[in-house]
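Colleague: Hi! I'm new to this one, could you walk me through it?

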Amino acid sequence: MDVFSNLAHGFAVAFTPLNLLWSLVGVTLGTAIGILPGIGPALTIALLLPVTYKLDPTAAFIMFGGLYYGAMYGSSTTAILINTPGETGSLVTTIDGNKMARKGRGAAALATSAIGSFVAGLIGTLLLAVLAPEVVKLALLFGPADYFSLMVVAFAAVSALLGSSVLRGLVSLFVGITIGLIGIDQQTGQSRFTFGILELQDGLGVVLVAVALFAVGEALYLASRADLRREEIIPVKGRAFMTREDWARSWKPWLRGTLIGFPFGALPAGGAELPTFISYKVEKSLSKKPEEFGEGAIEGVAGPEAANNAAVAGVLVPLLTFGLPTSSTAAIMLAAFQQYGLQPGPLLFSSNSALVWGLIASLLIGNAMLLVLNLPLVGLWVRLLYIPKPWLYGGISVFAMLGVYGINRSLVDVIALILLGLLGCMMRRLDYPIAPVIVGLILGPLSEIQFRRAVQISQGDLSVFFTRPISAALLTIAALMLIGAVAAHWRRSRKAALA
Amino acid sequence: MAGRFNAHALLGLALVLIGAGLFISAQDIHVSPAVVLLGPRLFPSIVAVALVVLGIATIVVELFGSRDAAEAEGAAQTPENDWPSFLTALAGPTLFLLTVEPLGFAVATALLFAAVARAFGSRRLILDLGIGILIGAVILVAFSYGLGLVLPLGSVFDSLLGG
């Protein structure tokens, strides 16, 4: 079957000593940043972009892929031990995972999360390998109008599913799109919104905006909230270890979590939060002892942890086949592709199959590496948590500044960093989601190009978006998503008002 | 009136203003007659309109929103606003901005690091400055020898040394 020959090809690429090394660097770095609060895979990849520019793209992406997986592994450690998820995907893990740790069962929680993540990563990556070529065939049918409508679906999903309200999601999205407007218009060479400042001709790059919002914004936000800065670390006794009963209770949640997480990762606005919530609900309703949930039920850790790793594999499907990012980390990886002059999509599979299959194969290898890194070495990773917060955030600020200033030595960039950092802080305080800004920033210009191309081809006929079947179907989905989310919100607030 | 004119509504107002401003400045974009519909003005205009609409919606939701929802949100977390720490943290990158060219990357980094560390509770200013200068110096060296990227050494020092 094609899959095996593709994977064999991929393994040949991934198994070179150098690429294995990059995979190791990626997963180690990923675990470390997953454990450290305040820094996530999106931000890390954004910071690494300028530095990896000189690297061979295959090596860089192998590292990024490992990083993404690793971050999911690492963030569960903090969720379980200090009730603080390193990534939103581990939010649900804090519920039962932390309770287990407080009852002295931290080792089992860590073990079930690590092994569950491995199983999910394995199955998810294999699904990716099988499905990607099929999805590519679908992608080949897409014209510019269809791509535009697909991005509209992404916009709708991002606004509808992330954050506490559709309105806020849309606001964040359009803030991102607005920022994306700054710069030279690609199709006519006109400068837009540059206010006569030369440095703004290229627009505000993804690295700058992501670093400003995620790193500086987060640091400023936490600085302004004394109540969020207190926490205690629960010591882990012994290594990650599970009893026979733990295994018996974990394996089905692992599989169910994988099946839930993968498709959600592939959906626009897939991110890992939603599937983990769903997995938790599913496990609770299927459990023979639902009262244990919230008090330390191992299924409540096993399911969601598998879900969030499967979601990462799922995210890679639309990213590689359509060039459509479904999470902010994916959006940054898309920027990375652009940096190398690569366009993910059906063409990438044919023109650069070594990179794509090498990446997929290295994810399988990386997944195994992560299991080894995370099971016996948990105690070591936990040491990272003892870095004093002042130095941690000081260090994050320094690297953020370096990432922005070090490349162009432009003070304009630093000013933009500060202003956008303030924006990020304000958004966090007013409870506006940040991920849609990144998605809007990246997809805004892309959608504009597709829109104008589509209208050019149809020679001014705007109905093309509704007459092409794929486009029409996608726009309908987008509309349904927004209406559905608003309706659900409205129903919830009526229930609350009546209660 | 059940809701209140709070920070959220202020944000909505800001959105309306930005949207309007965007729309007006978009009209300044030079457009050749042949491509009026498709040109570089189209998207900005659409985005501007969207911003205005979203801004109005935000204001409306805040002003006329139900009291229960607003109270629930407020009660969930009573934020302890820590202005001094916030301003100290903000001072970090600001000091970097002001000092990186005259005083060099290492000094600027030291100030950035120490300011943020202090904002997060560290009271050991000298130590933090020292760590900051060390990190800055290491990066300076690594970047110039490793990546060939030269970071500023400080124009003040240049003139002192008879640059």
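Modeller: Happy to! One term to begin with: angles under 35 degrees count as roughly parallel, over 145 as roughly antiparallel, 65 to 115 as roughly perpendicular and the rest as oblique. This is a predicted model, where local features need pLDDT of at least 70, side-chain atom pairs count only at pLDDT 80 or more, and totals for chains, interfaces and linings use all residues. Residues are numbered from 1 along each chain as its sequence is written, chains are lettered from A and ligands numbered from 1 in the order in which they are written, and side-chain values use heavy atoms, leaving out hydrogens and water.

Colleague: At what angle do H4(A) and H12(A) cross?

Modeller: Helix H4 (residues 57-82) and helix H12 (residues 299-322) of chain A cross at roughly 155°, with axes (lines fitted to C-alpha atoms over the stretch in contact, angles running from 0 to 180 degrees between N-to-C directions) that come within 10 Å. H4(A) and H12(A) are therefore roughly antiparallel.

Colleague: Which residues make the contact?

Modeller: Contact means heavy atoms within 4.5 Å. Among them are Tyr68(A) and Met72(A) of H4(A), and Val301(A) and Asn308(A) of H12(A).

Colleague: New topic: where does Ser410(A) sit?

Modeller: Ser410(A) is in the loop between helix H17 (389-408) and helix H18 (411-429) of chain A. Helices here are DSSP runs (H or I, at least four residues), numbered from the N terminus.

Colleague: Buried or exposed, that Ser410(A)?

Modeller: Buried, as the relative accessible area of Ser410(A) is 7%; buried means under 20%, exposed over 50%, partly exposed in between (1.4 Å probe, protein chains only). Leaving aside neighbours within four places in sequence, Ser410(A) touches Glu199(A) and Tyr405(A).

Methods: Helices (H or I, at least four residues) and strands (E, at least two) are DSSP runs, numbered from the N terminus.
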